[in-house]
Amino acid sequence: MRPNLFLAAALAGIALTAAGCASTPDVRVNSDPTANFSQYRTFGFADPLGTDRGGYQSSVSQQLKTSARTQLEARGLRYVESDPDLVVNFGAALDQKYRVSSTPTPTMGVGYYGYRTGMYAAYPMYQDQTTVTPYNEGTLNIDIADARRRQLVWEGVVRATVNDKTLSNIGPVLDTAVANAFAKYPVPVGSPAK
């Protein structure tokens, strides 16, 4: 798979599952306890972004920037192109995983030394039937760093299963994945700009 399609599949899968079309995404955040989020007024984006490919900005990067900008502006921050308080960056990965499940299945016992064979069994015996199912797991990272201190102050990670329908409508599903991460951001929606 070409790198740009690989990235799009990973991110769209995360977003699609975040939108409720498959499994519930796992959303985790880390926040710097020493950071004063009320002091930040502006934000910008890293250049290049971790989701850019081959020296150009991918359509996935463009959508992630739009989604993150919407979330941050809703929290009272203002986008600037130079000298921002916060720098936003993205990362994405797609990993093949395996789900292993074991189910007890009743079988007819043959008894000790086989003398009950085919005639009767004292009780049903169980044998585990193991199933191995491959699947793809996509991970989206949203990093926010204090530009002056050059220190990560917040990280949102969305992890979910990627399925075959992930590329059908990438814009709205990426919006949903980013919104799920920002739902755990330390500054709530509607905070006034200082």
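**Figure 1. Overall fold of the predicted model.** The protein contains 3 helices and 6 strands. The coordinates come from a predicted model. Along the sequence, the elements follow the order α-β-β-α-β-β-β-β-α. Of the 194 residues, 39% are buried. Among contacts with a separation of 6 or more, 80% join residues 24 or more positions apart.

**Figure 2. The largest nonpolar core.** This core comprises 29 residues, and I142, I144, F182 and Y185 touch the most other members. Two or more residues each are given by strand 2 (42-45), helix 2 (59-73), strand 4, strand 5 (125-146), strand 6 (151-162) and helix 3 (170-182). Helix 3 provides the largest share, with 5 residues.

**Figure 3. Surroundings of I142.** Leaving aside residues up to four places away in sequence, I142 touches V88, N89, F90, W154, E155, G156, V178, A181 and F182.

**Figure 4. A nonpolar surface patch including Y98.** Y98, V100 and V132 together form a nonpolar patch with about 320 Å² of accessible area. Y98 lies in strand 4 (residues 86-107). Y98 counts as exposed because its relative accessible area is 52%, above the 50% cut-off.

**Figure 5. Confidence of the prediction and residues 15-22.** The average pLDDT of the protein is 80, and 74% of the residues score at least 70. Residues 15-22 have a pLDDT below 50, although this stretch makes 21 contacts in the model beyond near neighbours in sequence.

Terms used:
Residues are numbered from 1 along each chain as its sequence is written. This is a predicted model: local features need pLDDT of at least 70, side-chain atom pairs count only at pLDDT 80 or more; totals for chains, interfaces and linings use all residues. Side-chain values use heavy atoms; hydrogens and water are left out. Patches are made of residues with over 30% relative accessible area and no salt bridge: like charges are joined within 9 Å, nonpolar side chains (Val, Leu, Ile, Met, Phe, Trp, Tyr) within 5 Å. Accessible areas come from the Shrake-Rupley method with a 1.4 Å probe; for residues, only the protein chains shown count as cover. A salt bridge is a side-chain nitrogen of Lys or Arg within 4 Å of a carboxyl oxygen of Asp or Glu. Helices (H or I, at least four residues) and strands (E, at least two) are DSSP runs, numbered from the N terminus. Buried means under 20% relative accessible area, exposed over 50%, partly exposed in between (1.4 Å probe, protein chains only). A nonpolar core is a set of buried Ala, Val, Leu, Ile, Met, Phe, Trp, Tyr and Cys residues joined through side-chain atoms within 4.5 Å. Contact means heavy atoms within 4.5 Å. pLDDT is the predictor's confidence in each residue, from 0 to 100.
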